[in-house]
Amino acid sequence: MTDEREVAATLGLPFTRTIPALPTRALLAPLPMQYARRHLVLPLRDEPDALEVAVADPCALAPLDDLRFVYQRAVRPLVVPAAALREAIARAYDDAARGEDSAAAALRQELDLGSEDLEALAERPDLLDADDEAPVIRLANALLTEAVKAGASDVHVEPYERALAVRFRVDGVLHDVLAPPARLGPVLASRVKIMAGLDVAERRLPQDGRVAVRVGGRDVDVRVSIVPTAFGERVVLRLLDRSSAMLTLDALGLVRSIAARVAPLLARTHGIFLVTGPTGSGKTTTLYAALRRLADGSRNIMTIEDPIEYQLHGIAQMQVHPRIGLGFAAGLRAILRQDPDVILVGEIRDRETADVALQAALTGHLVLATLHTNDAATAVTRLLDMGVEPYLIASSVVAVLAQRLVRRRCEHCVAAGCARCRGTGLRGRTGIHELAVVDDAVRAQIMQRADAAAIRAAAVAGGMVPLRTDGLAKAAAGMTTEAEVVRVTQEDG
């Protein structure tokens, strides 16, 4: 293997066997540790004329281009042996080695809190005993701000025996961002409870709430879940960006052939249209997009949801309250007495709700609902397993749309891996879908109580393009990767 010194000499670049001084935390903040490790690059000094960058392979031009873009500076390479550079990266990202990435550096910079400050804050285990609330308020606000900036859907605060982990879920994948002292957990949990109007003194029972915040001009609803664990209260914040509720069906990744078949289904005056997929697959967003298309002022549109994720203009939305006897079935019966044209059922969970929803679809109402199933065909078998009669399914269900969310190729590096995509090559998400229209062939299979394979075969014969096929077509078009499609559809074979 060619020695790095010889390569540097050939290219006319400076060479050093050791790095005399590590970069500042501020200089490292824009560059994730994962990217630095993968490409063996490390920004060292921001000089007046250029950014000095340690590299092991100066012939690898793509990482240098990425750093020019991220730092908006000219780049001057300094060649360093790979082993020495790996060691320097590990030392420079000492905070990252404890579970921080660029988001954590941004958090610390915004908070202006060092490890000593966090330790001092952790000495106050109960917010109610604190004389100065400012540090924990800044910490909670900074967590939300950085989560929104990172495009996170969830913030996890997880207490363990000797550690506290803070993680963001970005594009469906969890990333470690901060590792504050474990004793900080109760303080942060108390602050979140105050924000959400929960009982600060109650630490033995789960609590749920929500709070609305505004970050960078964007309105974000935060759904709060707190549960007691062996080492303290675990906090999960679900960030609901109201702008996503304004998406149209065309923006959800529906290919033209599926969109053309969905449009007439939504124009029907009766029947039930099901959207299926696992938790976090975008079912509610799809249904909201459908409601926005239907909300032209000529229809009475009502929903029963748990919870109401976004407020929709011109649509009456009802929140279920099981503790007082208002479940999906009871709420749906009440809605039917309000002369609705279109009804959205947040989720069909049991036979009672299924029976009421399907009966409503038979009696002159267009019903939109979700089910938790892996694909379109198993939606039918799920209803059969609930005890719903085959004739009721066959005569009321008009179509089932199954979907998943796959990560997009990063537009800034085209999947090579850059700071903006945390070195993954993937940033943002789009949907992949399969639409099973209940035609005569599918209806016949339902009446015979056929299994999912037979129903799926009939749907494919009627024009359904399977989820994985739709995903692979989008991978071939450069929207995502084959590996990403296989990852989210692996349970479908």
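Which residue in strand 13 stands opposite Thr-303? Select Thr-303 and look across: the residue opposite is Leu-344.

Before going on, a note on what is loaded: this is a predicted model, in which local features need pLDDT of at least 70, side-chain atom pairs count only at pLDDT 80 or more, and totals for chains, interfaces and linings use all residues. Residues are numbered from 1 along each chain as its sequence is written, and side-chain values use heavy atoms, with hydrogens and water left out.

Now widen the selection to residues 301-305 and 342-345, which are strand 11 and strand 13, paired in the parallel sense over four bridges. Strands (E, at least two residues) and helices (H or I, at least four) are DSSP runs, numbered from the N terminus; two strands pair if DSSP finds at least two bridges between them.

Zoom out to the open sheet: seven strands in the order 12-11-13-14-10-15-16, with mixed pairing. At its edges, strand 12 (316-319) and strand 16 (426-437) each pair on one side only. Neighbouring strands here are turned by 20° against each other on average, direction ignored.

Next, pick residues 328-336. This is helix 13, lying across strands 11, 12 and 13 and running at about 165° to strand 11. Contact means heavy atoms within 4.5 Å; axes are lines fitted to C-alpha atoms, for helices over the stretch in contact, and angles run from 0 to 180 degrees between N-to-C directions.

Last stop: residues 75-79, strand 3, where four of the five residues are buried (under 20% relative accessible area, 1.4 Å probe, protein chains only). Strand 2 (residues 51-55) runs parallel to strand 3, joined by five bridges, and Leu-51 has Val-75 as its bridge partner.

Note on methods: Buried < 20%, exposed > 50% of the residue type's maximum accessible area, 1.4 Å probe, protein only.
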